[in-house]
Every structure is written in C-alpha cells, then in structure tokens.
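Open the model in your viewer and keep the selection tool at hand. Each stop below says what to select and what is there.

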Amino acid sequence: MNSFAPKILLLFSLLFVLVSCKKDDDGASNDPTAENKKALGRSAEDLLNEAPYSNLIIEIAHTPATRPTEQTLSSLEQFLEARLNKPGGVSIVETNIGFPTGSPYTTDEIRDIEDANRTQFTEDGTIAVFVLFIDGQSNNDTDTSVTLGTAYRNTSIVIYQQTLQTLIANNPASSLEVLESTTVQHEFGHLLGLVNILEDDIHDNHEDPSNGRHCVVENCLMYFEANNIQRSVLQRFLQSRSNVPQLDPLCIEDLQAKGGL
Ligand SMILES: [Zn+2]
Ligand SMILES: [Zn+2]
C-alpha cells in the first residue's frame, strides 16, 4: 500500500516525460524552417562536409533593382566549389521579392523580409543558404561608417545592395562586381565559421584582436570588414582593388579542419 502510490506516481511521470518528448519531436519536424533558424556559425560543418548534405542550393533574393551581376554569381559558385566538399554540386536559384519598403533596415526587419520571402530550406541531402540583396541600407550606417553586408543566421546573409551601387556610382573607376563578390564571399566566410565564430577554431591565433571575428592577415578575404567599415577605409579599398581578396592559408586551414576542401 505505501509503495503502491509512489509507483503509480512514477508511472505517470514517465508517461508525461514520454508524451512531452513526443510533442517536442513533432514540433521540430513540423517546422521545415527550423534547420535554417540557428545562430551564425552553427552550420559551418554542414556547409563544409560531404555529409549529411552533399548538395548546396543558394537562393539569391533580390528586387528588380538589386540583382547582382552574372560575374558575381559565377565567382561565388567557383569560390564555394573550391572550398566546400559538395559532390552533388552548388546551384543557384533566384527569387524576386518585389519592392519591400522600410529602409534603413534593422537586422530584425531583414529577418522578417527573409521569413516572408524565403523558398529554399535545408532538407534531405541539400543544405540551403539565403542571400538577400536588399534595395536599401542598414540602420547602423553613420557619416563615418557603412555596412555592406551581414551574416545574421546560420544560413542567412543580407547585402545592402543600394549602398554598394551608390558607392560605385560615386567611384566610377571601381568595379561593382568586385565589391559585390568581395562582400558576399566575405559574409559566406562567416557562415563557414570564420574567424573563430564559435571559438572552436584550431588556428584561432589569426583572429584580429582589434577587429574580432576577422583575420589579422591584411590581404585575406576575412580581413576586409563588411559590417561597419569606415568610409575612409572603404574609399581606399575601392581605389586600390581590381580583384576579389582570397582566403589566406590560415583561414583555409580552419575550413579544412572542419571538413572543407
Ligand atoms: Zn565580417
Ligand atoms: Zn585569413
């Protein structure tokens, strides 16, 4: 009698735990977008490795006025094919998002635009990345600094394309393709965990102490700061660059340590 009640209680508790777990599992599998709503860096290994996703699909979302150049899209594909172990290949789909209003944008507003427009999600053997070329600027822009792009979720990037287009219009000798490619490849580097995003890189001695999550090597793709770059630094970049910066050997070693090529 006095041991019966605890047993019943234990049985009910077990049942309750089982029911709760079942509910959680169902909740996760019912949301097809859950895999794409994690923190920055969380999908670095899934993006770099052959398993569990052997294919990568990149959704390029843009307005009629902010489509990136063909050369930017093909050089992004080449950049990723050289570093990611995806035997099924890298493919690009485009989504026209019409004319959202609300510039300058906060990152929360960018998330809302993604949630309303994204069509490609990670499933089966394919991991999906969303790159939004938005017709507007970041609300972090000031007279002295400007944001070109931000990697804001595990598989999400925004490029402030109107800002890029304005910079090129004011510096006609520079190349929109080089600026677009540098910005989008740099932000992709953050999705791949560069530099030391999750504080688990084996070569973390190349993280720039004065510019966290970036690389100390001056000619590296990850040295260039796309998020809150000083306008004076950007001016020098626009005047001096005729090609896209490459990843230096230390950043490549970090990617290889996580399954990249
Ligand atoms: Zn950056
Ligand atoms: Zn580097």
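The tour goes to a metal site and then to a pocket.

This is a predicted model, in which local features need pLDDT of at least 70 and side-chain atom pairs count only at pLDDT 80 or more, while totals for chains, interfaces and linings use all residues. Residues are numbered from 1 along each chain as its sequence is written, chains are lettered from A and ligands numbered from 1 in the order in which they are written, and side-chain values use heavy atoms, with hydrogens and water left out.

**Stop 1: the zinc ion**

Select the zinc ion (ligand 2), then Cys215, Cys220, Asp248 and Cys251. These residues are its protein donors, through SG, SG, OD and SG, at 1.9 to 2.3 Å. Donors are N, O and S atoms within 2.8 Å of the metal (3.2 Å for Na, K and Ca); water is not among the atoms, so sites may look incomplete. The arrangement is tetrahedral because the four donor atoms subtend angles of 93 to 117° at the zinc ion (ligand 2); four donors count as tetrahedral if all angles lie between 85 and 135 degrees.

Cys215 is buried, as its relative accessibility is 0% (buried means under 20% relative accessible area, with a 1.4 Å probe and protein chains only). Cys251 is also buried, at 0%.

**Stop 2: the second largest pocket**

Select Ser75, Gln78, Phe79, Ala82 and Arg83, which are among the residues lining the second largest pocket. A pocket is an open set of points on a 1 Å grid over the protein atoms alone, where a 1.4 Å probe fits, with protein on both sides within 12 Å along at least five of seven lines; lining residues have an atom within 4 Å of a point. About 190 Å³ of space lies in the second largest pocket.

Methods:
Points joined across faces, edges and corners; volume = space filled by probe spheres on them. Tetrahedral: all angles 85-135°; square planar, octahedral: opposite > 155°, others 65-115°. Buried < 20%, exposed > 50% of the residue type's maximum accessible area, 1.4 Å probe, protein only.
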